[in-house]
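Keep the sequence and the 3D view open as you go.

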Amino acid sequence: MLSNLVVTNQKVVLVIDELNRERIAPKFIGSLLHEQGQGAETIKALPTGVSLKHVATFEALITECANTKNNNTAGGEAGDLEASSPRSKSTGFNVILPTLADLLCYQTPAFIFGFLNRLRRSENVCRVFLWASPQHLQNPHADYILAGCEYLAELVLRLESDKLLSLISRKPGGGVSNRRYSCQVSKTSFQVTPLDGGLPAGASPKQPSPESEQTPEPASSTFKIELDEDEVVARNALTLPYERTCEPSEGNIIYTPDADDDFDEEDPDEDLCI
Amino acid sequence: MATSVLLACGLNEQKLPGFVHISEESNVDGSFLISCILGQRLRISNAGTLLVCLQHHYQHYFNAGMRLGYNTNIFQGKTLGVIDVLSDMAGEGLASKWLRNTEGQTLTEQLVEDIRAQVESNYASRNSYTVLIDNLSILFNLGASKLQVQQFCQDLAALAKERENLTVITKLSNSDIYQLTDNNVAKLGQVRIQVLRLKSGVFREVDGKLLIERVLDEGNYACEETRKEVLYKVNDRNVKIFAPGEIGVKV
């Protein structure tokens, strides 16, 4: 399921939607969380619409996350701070932001980036979800803003088409993976299957990898480059000449005289005092 | 006369979806849709209508209505309310409130305030209420920015959600030029009607094409949508609808 790939320890998840599904964005993300057992009490969402005009709406969300967590943590304030920080990552809230288009309608890009960064750093938040549809971004610098969100995100899910999606994941250790999946979507489920020959980390999704080009030759080709099992066994059993020299044995010359040879078994140098 | 158009668009019912958007491509005129919808809403008993005239003044809608078989003057002041921005500007000139930032409010904020005031005074006494906005692109000409127009439509969509039986119908012309604004407004509603020109040229029997997209059900991961395409011809006193392929070239 897609939720297995998206609802992970990565904190900031960006969904880039090329399919114009923006109207169901909150429901989409909510369903992913629900599939992974994240209850409604762990989900906080910013209201959409006119309320996004007011900065107080954003501050209220952060305050609500902090207050709710403090109320739920009984006797934890006196405990170790170090012990509480990994626990807050697992017990923090999942924040579903309005779509980037709705945010840009009321706030500046700088404010949005700042807010996203605050959520990313907040101990009371375990995941932040942001949905972006390029065909809805009403800003002359939409490409730059989208790139900025990709920079902040630890997981970038790109819904490329009805059948294909790609997932870029940045691990805390610095490793990056870029995988493509085929998908089967219905109203209630989203199944994904990894595509064979997935892209290595850092490779552009549009450049075919060398491994994916080595596809099995079609049945109509007469050029056979693959080996059967018998041929593989025979190849592995073959000892090459340079390998025989490594065998621990003394060197000697084995001479078989011909019929015309006058082979004398006496040593011709016997009379020499060497 | 307009029944076939509304039937094709799925707008002939008494209860309409909360938000409907009409996207009009360049070089086509979809004004007939506003006149058809207006006529249908006026004919429903105790249904309130608010017409926001931005592209034409009220007299134009009266004339169009007479051709389609209804008289808007009978309903004005009763079930029909009108916000005639153009006539106000023509009558008051630069002193018109639409051309001044009254109390620091922008044009779109003033318009939302007027619409809300009209809805609040008339909605309670009506079975249903329809707000018709013709035409959003005129707001650009009056100095509104794209973000302001988007906020304006968000406010209207919020208004439609607040009240049951309230429908907001917006129209945006030159939607191919204002593609982003058109997309952002269209996503607010369940029905989108695109008025498109014929791609292959001009035809005497057909003026253009209507593409009607309707969201039937919003699932968790995908929406169930229907798409329907019809051809239309606007005549002097009626509008004819054809299925694609019905009209052919006679040799």
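Q: In what order do the nine strands of the open sheet in chain B lie?
A: The model is a predicted one. In chain B, nine strands make an open sheet, and their pairing is mixed. Read across the sheet, the order is β3-β2-β4-β5-β1-β6-β7-β8-β9.

Q: Which are the edge strands of this sheet in chain B?
A: An edge strand here pairs on one side only.

Q: Parallel or antiparallel: in which sense do β2(B) and β3(B) pair?
A: Strands of a sheet pair through backbone hydrogen bonds, either parallel or antiparallel. Strand β2 of chain B covers residues 47-53, and five bridges link it with β3(B). In one of them, Val52(B) has Ile83(B) as its bridge partner. The sense of the β2(B) and β3(B) pairing is parallel.

Q: Which helix of chain B lies across β2 and β3?
A: Look for a helix at residues 85-92 of chain B. Its direction is at about 50 degrees to β3(B). This helix is α5 of chain B.

Q: How many residues join β7(B) to β8(B) in their hairpin?
A: Strand β7 of chain B spans residues 208-218, and strand β8 spans residues 223-234. The two pair in the antiparallel sense over ten bridges. Within this pairing, Ile212(B) stands opposite Lys228(B). The hairpin runs through four residues.

Q: Which residue of β9(B) does Leu231(B) stand opposite?
A: β8(B) and β9(B) also form a hairpin, with four residues between them. Their pairing is antiparallel, over four bridges. Opposite Leu231(B) stands Phe242(B).

Q: Now turn to chain A: in what order do its eight strands form an open sheet?
A: The pairing in this sheet is mixed. The edge strands are β2 (43-45) and β8 (190-194) of chain A, each pairing on one side only. Neighbouring strands are turned by 25 degrees on average, direction ignored. The order is β2-β3-β4-β1-β5-β6-β7-β8.

Q: Which residue of β6(A) is the bridge partner of Leu155(A)?
A: Strand β5 of chain A (residues 155-159) and strand β6 of chain A (residues 164-170) run antiparallel. Five bridges join them. In β6(A), the partner of Leu155(A) is Ser169(A).

Q: Which helix of chain A packs on the sheet and touches β1, β4, β5 and β6?
A: The direction of this helix makes about 145 degrees with that of β1(A). Its residues are 142-152. The helix is α7 of chain A.

Q: How many residues apart in sequence are the parts tied together by Glu59(A) and Arg118(A)?
A: These two residues form a salt bridge, with their closest N and O atoms 2.8 Å apart. Glu59(A) sits in helix α3 (residues 55-72) and Arg118(A) in helix α6 (residues 109-121), so the pair ties together parts of chain A whose separation in sequence is 59 residues.

Q: What area is buried between chain A and chain B?
A: The contact takes 29 residues from chain A and 24 residues from chain B. On the chain A side, Arg23(A), Gln138(A) and Lys187(A) supply 36% of the area that chain A buries against chain B, more than any other three residues. Carbon and sulfur atoms give 48% of the buried area between the chains. That area is about 2400 Å².

Q: How many salt bridges are there between chain A and chain B?
A: Side chains of opposite charge can pair when their charged atoms come close. Between the chains, Arg23(A) and Glu218(B) meet in this way, at 3.8 Å from N to O. The count between chain A and chain B is five salt bridges.

Key
Residues are numbered from 1 along each chain as its sequence is written. Chains are lettered from A and ligands numbered from 1 in the order in which they are written. This is a predicted model: local features need pLDDT of at least 70, side-chain atom pairs count only at pLDDT 80 or more; totals for chains, interfaces and linings use all residues. Side-chain values use heavy atoms; hydrogens and water are left out. Contact means heavy atoms within 4.5 Å. Buried area is the accessible area (1.4 Å probe) that two parts lose on being put together, summed over both. A salt bridge is a side-chain nitrogen of Lys or Arg within 4 Å of a carboxyl oxygen of Asp or Glu. Two strands pair if DSSP finds at least two bridges between them. Axes are lines fitted to C-alpha atoms, for helices over the stretch in contact, and angles run from 0 to 180 degrees between N-to-C directions.
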